[in-house]
Amino acid sequence: MSSTIRLRAAALVRSSGGPRYAVALAVDALGTGLLRPFLLLYGLAVLRLSAPVTGTAMTVGVVAGLACMPALGAWLDRGARSSAVAASMLVRVAGVVLLLVAPPGGAALFAVAALFLGVGNQAWPAAHAALVATVSEGRERDAALAAGRALRNAGLGVGALLATACLAGGASALRLLAAATGVAYLVAAALARSVRVEAPPAAGRAAAGGPAPRLGTLLAANAVYVFCLNVPEIALPLVLVTQLHASPVWSAAVFVANTVLVVTLQVPVTVALARLPRRTALALGGLVLAVSYLGFLAAGGLGHGWAAPAVAAVSVVCTVGEIVYAGTATALVTELAPAHAPGRALASFQLSTGAGLAVSPAVITALAPHGPAALWGTLAAGTLLAAGAVARPGADRPRGPRVPGATAGPGASGVSPARSRAVAARTR
């Protein structure tokens with residue numbers, strides 16, 4: 001049994017880009033966990049900027065990252081894979097360097113640093129998904145994408161814990177964390193580039209004149225689904241602390257439980273969902289999320305002493321919905337993407353994800369003061385509508401041949417020509 005598990009793990013690592021790429025992902029996630037949750041504190045405590053200036057600079061960075069997605073999609077369609085992943089890491093190295101050299105009050109340098117970090121953070125998911133889609137196919141690809149997400153969440157969690165332990169050191173500790181993040185990004189970029197995966201030249205040439213993929217239904221639904229990622233970080237702390245007057249410990253427990261469940265269940269759940277068509281699985285994820293939102297509404301109405309534990313229990317259901325969504329959405333995009341434009345399809349998907357993540361805090365905080373029904377009822381209704389749109393037969397039918405190796409069947413597998421050439425390129 002143990003040898004079988006080791007063989008399966010080795011196969012999963014190979015289909016995810018290989019051992020060096022797996023190490024690159026882990027190092028990159030660790031570095032991101034060290035700094036990203038505390039970037040606001042860096043601007044406030046180290047550079048002594050005002051909160052509005054710091055927040056505005058970070059927002060501009062996110063928007064700039066989204067604005068770069070069309071260019072990234074075109075680059076991916078010309079064949080870039082490991083070079084695009086490495087570039088998304090190197091641009092964040094530049095951002096960290098600017099943080100380190102910025103003097104107190106250096107708002108301009110902080111803004112440019114936040115811009116570089118935002119570009120890298122937005123570019124990485126699409127570049128990573130394109131690389132995995134090149135070296136694997138079918139349900140093997142789904143599992144590889146899920147494994148990458150689990151590994152990234154684990155690295156982010158460990159990095160955040162290490163950073164939290166260092167925060168007692170004040171401004172000097174934050175500078176040290178930034179330096180460690182820069183080194184981690186640099187090492188990860190070198191490892192990612194060393195795997196040397198590029199798309200077949202034919203696919204790159206065909207991308208130049210092909211039409212852009214039409215995935216409007218899926219992209220609109222994704223912008224609603226992605227609200228679930230901010231539920232543990234924004235909605236539940238807001239409800240638990242300000243409305244239910246519960247201890248902040250409950251919010252921390254929900255966040256930790258969410259991270260642990262994603263790390264441990266993302267791959268098994270994604271593999272189990274291989275029995276279903278990807279579109280059906282994604283619609284099911286929306287249904288689970290909507291049920292959890294209604295569960296939060298019911299839990300908040302319980303008596304004193306019961307509401308907080310009930311909300312924490314329902315958060316497990318919400319996390320399961322998040323796992324189903326995350327394990328099928330990107331895989332469905334690679335299934336629907338035409339062979340000439342996988343990069344533009346993935347870039348558009350990341351654009352919808354980033355847009356949903358950007359507006360969700362404002363939507364959540366605007367709805368919460370109007371009561372639990374306004375918050376959870378709106379989220380549930382919107383997610384149900386999105387799930388229904390995804391499940392509708394014929395929605396977002398692909399135009400032309402699809403990405404090599406991307407198959408619609410529940411258990412499809414095999415080795416595509418694209419994968420063979422990519423693996424050959426990696427081993428040269």
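## Overall fold

Residues 24 or more positions apart supply 86% of the protein chain's contacts with a separation of 6 or more. The model is predicted. Its protein chain has 18 helices and zero strands.

Of the 428 residues in the protein chain, 50% are buried. The accessible surface of the chain is about 17300 Å². Carbon and sulfur atoms account for 73% of that surface.

## Salt bridges around Asp-28

How many salt bridges does the structure hold? There are eight. One of them joins the side chains of Asp-28 and Arg-92, with N to O at 3.0 Å. Asp-28 sits in helix H2 (residues 19-35) and Arg-92 in helix H6, so this pair ties together parts 64 residues apart in sequence. Is Asp-28 buried or exposed? Asp-28 counts as buried because its relative accessibility is 0%, and the cut-off for buried is under 20%. Arg-92 is buried too, with a relative accessible area of 0%.

Asp-28 has another partner, Arg-152. The closest N and O atoms of Arg-152 and Asp-28 are 2.7 Å apart. This pair also links distant parts of the chain. Arg-152 belongs to helix H8 (residues 138-166) and Asp-28 to helix H2, 124 residues apart. Arg-152 and Asp-28 are both buried.

Which residue forms a salt bridge with Arg-149? The partner is Glu-322, and the closest N and O atoms are 2.5 Å apart.

Helix H15 covers residues 307-336, and Thr-328 lies in it. Thr-328 counts as buried, at 4% relative accessibility. What does Thr-328 contact beyond its neighbours within four places in sequence? Its contacts there are Leu-273, Arg-278, Ala-281 and Leu-282.

Residues up to four places away in sequence aside, Val-311 touches Leu-236, Leu-240, Leu-244, Phe-296 and Ala-299. Val-311 and Ala-298 are 13 residues apart in sequence. Their C-alpha atoms are 8.8 Å apart in space.

Helix H17 runs over residues 372-391. Its 20 residues should span 28 Å at 1.5 Å a residue. The end C-alpha atoms are 28 Å apart, so the span agrees with expectation.

Which residues of H17 are buried? They are Leu-375, Trp-376, Leu-379, Ala-380, Thr-383, Ala-386, Ala-387 and Val-390. Viewed down the axis of H17, these buried residues fall within an arc of 130°, so they line one face of the helix. An α-helix has 3.6 residues a turn, so residues three or four places apart point the same way.

On the other side of H17, Ala-373 and Leu-385 are exposed. What covers the buried residues of H17? The cover includes helix H11 (216-225), helix H12 (231-243), helix H14 (278-300) and helix H16 (342-367).

Val-97, Leu-100, Val-101 and Leu-109 make a nonpolar surface patch of about 290 Å². Which helix gives the most to the nonpolar patch? Helix H6 (residues 82-101) does, with three residues.

Val-97 is found in helix H6. Its relative accessible area is 44%, so Val-97 is partly exposed. Arg-92, also in helix H6, is buried.

Technical notes:
Residues numbered from 1 in each chain as written. Predicted model: local features only at pLDDT ≥ 70, side-chain atom pairs only at ≥ 80, totals over all residues. Heavy atoms only, no water. Helix = DSSP H or I, 4+ residues; strand = E, 2+ residues; numbered from the N terminus. Buried < 20%, exposed > 50% of the residue type's maximum accessible area, 1.4 Å probe, protein only. Contact = heavy atoms within 4.5 Å. Areas by Shrake-Rupley, 256 points an atom, 1.4 Å probe, with all protein chains shown as cover. Patch = residues over 30% accessible without salt bridge, like charges linked within 9 Å, V, L, I, M, F, W, Y side chains within 5 Å. Salt bridge = Lys/Arg side-chain N within 4 Å of Asp/Glu carboxyl O. Expected span 1.5 Å × (residues − 1). Arc of directions from axis to C-beta.
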